[in-house]
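Please read the points with the model open beside you.

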Amino acid sequence: MIVILVKSGLQLLLLLLVAPLISGIIKTLKARLQTRRGPDVLQPYRDILKLLRKGMVIPETASWIFSAAPYVVFVTAALVGLMIPMTATDAPLSLFGGVIAAVYVLALGRFFLALGGLDTGSPFGGLGSSREMTISAIAEPAMMLAIFTVALSANSTNLSEMARFAESQSWRFLAPSQMLAFAGLFIVLIAETGRIPVDNPATHLELTMIHEAMILEYSGPNLALIEWGASIKQLILMTLLVNTFFPFGLSSNWTVSGLGLGLFFYLLKLLLLACCIVLVETTNAKLRLFRVPELLAVAFILGALALISTFLF
Amino acid sequence: MNALPVRETFALGLGAYALGAFACLGSWRKPALARYLCCGLALAAAALEGCAAVLGLLQGTPVRWSISSGVPLFAYSFAYDALAGFFNLILAVLAAAVTIYSFGYLKEFEGKRNIGLFGFLYHILLLSLTIVFAAANAFLFLIAWEVMALTAYGLVSFYYEDPETRRAGLLYIIMSHIDSGFLFLGFLLLIQASGSVEFASFGAAAKQLSSSHQAAAFVLFFLGFSIKAGVIPFHIWLPAAHPVAPSNISALLSGIVIKTGIYGMARIFFDALGVLPAWAGMLVLILGVASAVLGVLYALMEHDLKRLLAYHSIENIGIILMGLGSALIFRVMGHPQLAAVALIAAMFHTLNHAIFKCLLFLGAGSVLHSTGTRNMEKLGGLIRPMPATAFCFLIGAVAISGLPPLNGFVSEWLTYQSLLAGFGATGGLTRILFPIAGSMLALTGALAAACFVKAFAITFLALPRGAESHHVHEAPRSMLIGMGWLTTACVFLGLGATWFLPIFDAMTEQLLGLRVGVNLITGKGLVLSAGTSHGGTVSTAVIGIGLLILMAPTALLASIGARRFGRRQGPTWDCGLPGLSSENEYTATAFSKPLRMIFSALYQPRREIQAVFDVSPYYPKEIHFESEIEPTFEKRLYAPLQDLILRLSIKLRAVQAGSIHAYLAYIFITLILLLLFGVRS
């Protein structure tokens with residue numbers, strides 16, 4: 001009990017600290033690749049701190065749902081972060097929720113955020129909520145199929161078990177099923193974190209926006225919670241990718257040296273994945289909204305192929 | 001264990017229902033008295049039946065008794081086993097909630113509608129449902145089944161002045177009779193094989209059935225029970241009939257009446273037909289997937305709040321069938337452990353769906369009661385005048401979307417685990433079906449969440465959209481108590497899922513011969529596992545508590561700024577455009593527009609826009625917009641079928657010549673034929 005609490009506390013701290021850093025790294029790298037100078041990597045921390053110290057305006061038309069949504073978004077993301085192995089194979093809460101629970105707890109946050117978007121009565125909020133729920137609904141089967149492929153070979157939906165199994169078979173990520181599942185999940189990652197070509201995180205007033213439209217009416221600490229929560233969710237999905245497919249360097253115990261080494265490898269892997277995301281964002285144009293389902297259909301088919309190839313190879 | 005008074009309590013409950021029925025009928029001239037009698041006696045009866053169910057489940061061994069009726073083949077035989085106890089427990093919980101709710105709801109009937117007649121039908125419906133779940137004789141079962149269908153018909157057509165209601169009632173009664181017809185044929189096959197009408201004799205006789213006989217019986221029963229349960233493509237009556245009934249009746253119809261189909265499948269497929277071949281399970285699984293996905297897709301297109309909920313019943317029946325189908329497949333493949341887990345998933349979802357669907361229909365009933373409309377496009381902002389109703393509806397919406405830590409998540413999680421186990425437990429290429437079904441379950445869950453964001457937000461949030469929303473009021477206290485009872489059940493069944501699992505042990509022991517409940521609970525009774533050595537684990541209790549614990553530091557974090565500058569109310573920013581009104585709010589139709597476009601191959605949407613303008617087409621004076629989707633099943637499947645039947649009937653008319661000589665000749669020929677073939681032995 002105490003051990004779980006201490007481990008949870010440590011991982012929570014790591015989660016909260018690393019999440020904005022990754023957002024910052026992606027922003028900076030993207031700017032450099034587009035030959036802009038861009039903000040430095042610490043900018044998201046400054047944004048969050050600034051927003052936390054501001055007052056906020058609550059729309060007159062909104063109910064308590066609007067104010068509750070940021071808390072739910074932040075708390076659900078943080079809880080899922082404790083179920084997933086970050087630097088050590090044993091995640092603090094991995095016994096209490098596997099990958100299915102993780103996906104569904106994140107969905108709880110999204111459910112409330114979409115309600116918050118509609119609560120203000122602003123048509124932008126409704127537009128964002130509608131698109132967010134649509135795209136996540138289409139992404140869900142592709143995501144689950146790819147995850148099932150990994151879970152079926154590991155014989156468990158428990159994230160620590162999945163990582164442990166991947167660790168025991170060192171070159172397994174080269175198997176066709178794993179590579180196909182990884183590709184499918186990568187597309188889902190792009191869609192779920194609202195990145196180009198699905199959504200553009202840099203726009204704030206465009207008819208094409210999804211996530212930003214939904215949170216348009218939020219300000220101050222509420223907005224900070226949502227932004228922080230979104231970056232935690234991004235970190236979780238990235239961690240899911242790097243640690244279930246490439247579990248190198250995951251520490252098998254919770255000792256200081258093991259964790260230190262684990263942290264080093266973890267950040268290295270995240271950096272590589274961030275580079276991939278930046279490459280995709282820079283080399284692609286944003287898709288029209290109704291072309292997005294086709295992209296996600298590709299992810300679904302990749303997942304199905306991954307599944308079939310598990311017993312061909 | 002000593003014999004518990006199951007039989008006596010059960011009989012007392014039935015007596016209370018019967019007494020209630022006739023007391024209501026007798027007091028139809030005094031509406032207030034009829035209302036008190038109806039609700040008081042129904043509550044007492046539900047409490048007695050609830051006790052009987054709990055006693056029956058505690059007893060552990062089936063309680064059987066039979067009272068001969070003097071009529072050959074027909075006896076009042078009952079078997080109060082785990083399955084009967086479980087379904088009667090669900091019935092009692094729902095009946096209690098709906099009855100308390102009705103006390104407030106029926107008040108507006110006073111002076112307008114016949115509460116005595118309503119009470120009579122209500123009590124007989126509950127009475128027949130109780131007997132359906134406990135009957136152990138095919139004839140008693142079918143009679144109760146018919147009475148249930150007829151009283152439900154009476155209640156569905158309660159607002160008979162409305163032509164839509166009459167049409168829906170007619171469709172319902174026709175489909176009900178088709179399903180009874182299939183069940184009759186199915187039972188005749190079993191009776192012929194076993195030589196007895198008692199359920200207990202079917203199981204032994206089924207072992208001697210030839211495989212073609214077994215297949216025929218399976219198909220007949222499956223058709224019969226699927227029509228009752230509203231499985232796609234036999235669902236067309238459900239979204240027509242459930243919304244037009246009074247809301248408390250809609251809650252019962254979607255909560256428990258359609259579950260009689262699930263009960264029948266569990267009873268007949270696992271008990272009476274022997275071990276069914278794998279294709280039967282596959283058929284159940286595939287129709288389950290189709291019902292789940294199509295049910296939720298059609299629900300998304302609805303802006304009638306109650307019809308939206310009716311389509312969700314189809315979706316959830318689909319999820320239940322996924323579990324049942326997997327259980328059938330695992331049983332024939334020789335994995336009784338997995339079959340038991342899949343059966344538990346199906347039955348747990350049956351319980352959960354009964355509770356949250358009943359809750360949501362009651363919530364929709366309160367909205368209708370207060371605003372007078374079911375059309376979501378005219379609602380909005382109800383969270384302010386009706387905060388308690390809104391809260392109950394929100395809990396129901398989170399639960400039905402399968403989101404943790406509420407009860408819908410637990411049963412969906414178990415269904416996922418069963419489907420994943422299916423991949424390893426079966427051979428060949430067919431095992432691909434299981435993970436695909438799992439991903440379709442994921443699609444269903446995500447679409448259901450989208451649909452309930454729409455249903456809750458458009459109805460309860462933002463600004464009121466129509467005149468109806470201006471003089472609304474919170475529901476009366478009795479209606480809130482009815483809903484609150486179910487809301488509490490949603491939370492407890494979710495957080496305390498592991499405590500409730502042992503209930504299912506007796507049922508799996510009865511149907512599959514083993515108990516797995518203990519294997520499913522680990523980690524000091526808090527963690528639910530998939531039952532096998534591997535698989536996954538989850539704990540809704542820890543998730544719920546974890547979310548609460550994390551909430552405290554988050555609130556502290558967010559209060560830094562609020563302490564210095566406070567929270568200000570201001571007009572909605574809306575990109576700086578002043579004057580936000582209900583007219584530029586997002587509507588239910590707009591919310592589901594992206595999905596309507598993505599799945600246009602299924603919906604075949606049609607829209608018509610007519611603009612009237614004076615000078616320039618850029619400044620229209622008024623715009624007429626019409627949009628509809630094609631009811632595929634009605635148009636492609638049922639309309640041709642109806643044409644065929646009408647054409648055949650016209651042909652058959654020639655036989656009905658109107659001449660008494662011809663009719664005498666028919667009777668004579670029939671007699672000869674009967675003598676030739678019927679009295680052979």
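1. Start with Ser23(A). Contact here means heavy atoms within 4.5 Å. Ser23(A) sits in helix 1 of chain A, residues 2-33. Its relative accessibility is 14%, so Ser23(A) counts as buried. Buried means under 20% relative accessible area, exposed means over 50%, and partly exposed is in between, with a 1.4 Å probe and protein chains only.

2. A word on the basis. This is a predicted model, in which local features need pLDDT of at least 70 and side-chain atom pairs count only at pLDDT 80 or more, while totals for chains, interfaces and linings use all residues. Residues are numbered from 1 along each chain as its sequence is written, chains are lettered from A and ligands numbered from 1 in the order in which they are written, and side-chain values use heavy atoms, with hydrogens and water left out.

3. Chain A, by element. Chain A has 11 helices and one strand. From the N terminus on, the order is α-α-β-α-α-α-α-α-α-α-α-α. Helices (H or I, at least four residues) and strands (E, at least two) are DSSP runs, numbered from the N terminus.

4. Chain A, overall form. Chain A has a radius of gyration of 19 Å; a compact globule with 313 residues would have one near 20 Å, so the two agree. The radius is taken over C-alpha atoms, and the globule rule is 2.2 Å times the number of residues to the power 0.38. Along the principal axes, the C-alpha trace of chain A spans about 55 × 45 × 40 Å. Of the 313 residues in chain A, 65% are buried. Among contacts in chain A with a separation of 6 or more, 80% join residues 24 or more positions apart.

5. Chain A, surface and charge. The accessible surface of chain A is about 11,000 Å², and carbon and sulfur atoms hold 71% of it. Accessible areas come from the Shrake-Rupley method with a 1.4 Å probe; for residues, only the protein chains shown count as cover. Chain A carries 20 positive and 17 negative side chains, with the centres of the two sets 7 Å apart. Lys and Arg count as positive, Asp and Glu as negative; His and the chain ends are not counted. Each charge is placed at NZ of Lys, CZ of Arg, CG of Asp or CD of Glu.

6. Look inside chain A at Thr149(A). Thr149(A) belongs to helix 5, residues 123-154. Is Thr149(A) buried or exposed? At 0% relative accessibility, Thr149(A) counts as buried. Beyond neighbours within four places in sequence, its contacts are Ser177(A), Ala181(A), Gly303(A), Ala306(A), Leu307(A) and Thr310(A).

7. Ala62(A) touches the other chain. Leaving out residues up to four places away in sequence, Ala62(A) touches Asp119(A) and Arg384(B). Ala62(A) lies in the loop between strand 1 (56-59) and helix 3 (64-83) of chain A. Its relative accessibility is 12%, so Ala62(A) counts as buried. Ala62(A) and Leu118(A) are 56 residues apart in sequence, yet 8.9 Å apart in space, C-alpha to C-alpha.

8. Now chain B. Chain B has 27 helices and eight strands. Its radius of gyration is 27 Å; a compact globule with 681 residues would have one near 26 Å, so chain B agrees. Its C-alpha atoms fill a box of roughly 95 × 70 × 60 Å along the principal axes. Of the 681 residues of chain B, 58% count as buried. Chain B exposes about 26,500 Å², with 68% supplied by carbon and sulfur atoms. Chain B has 42 positive and 32 negative side chains; the centres of the two sets lie 3 Å apart.

9. One position to check in chain B is Lys593(B). Lys593(B) is in helix 24, residues 593-598. At 30% relative accessibility, Lys593(B) counts as partly exposed. Lys593(B) and Met301(B) are 292 residues apart in sequence and 8.5 Å apart in space, C-alpha to C-alpha.

10. For Cys276(A), the nearest cysteine sulfur is that of Cys275(A), 6.9 Å away. For Cys392(B), the nearest is that of Cys490(B), 9.6 Å away. Cys276(A) counts as partly exposed at 38% relative accessibility, whereas Cys392(B) counts as buried at 7%.

How values were computed. A disulfide is a pair of cysteine sulfur atoms within 2.5 Å.
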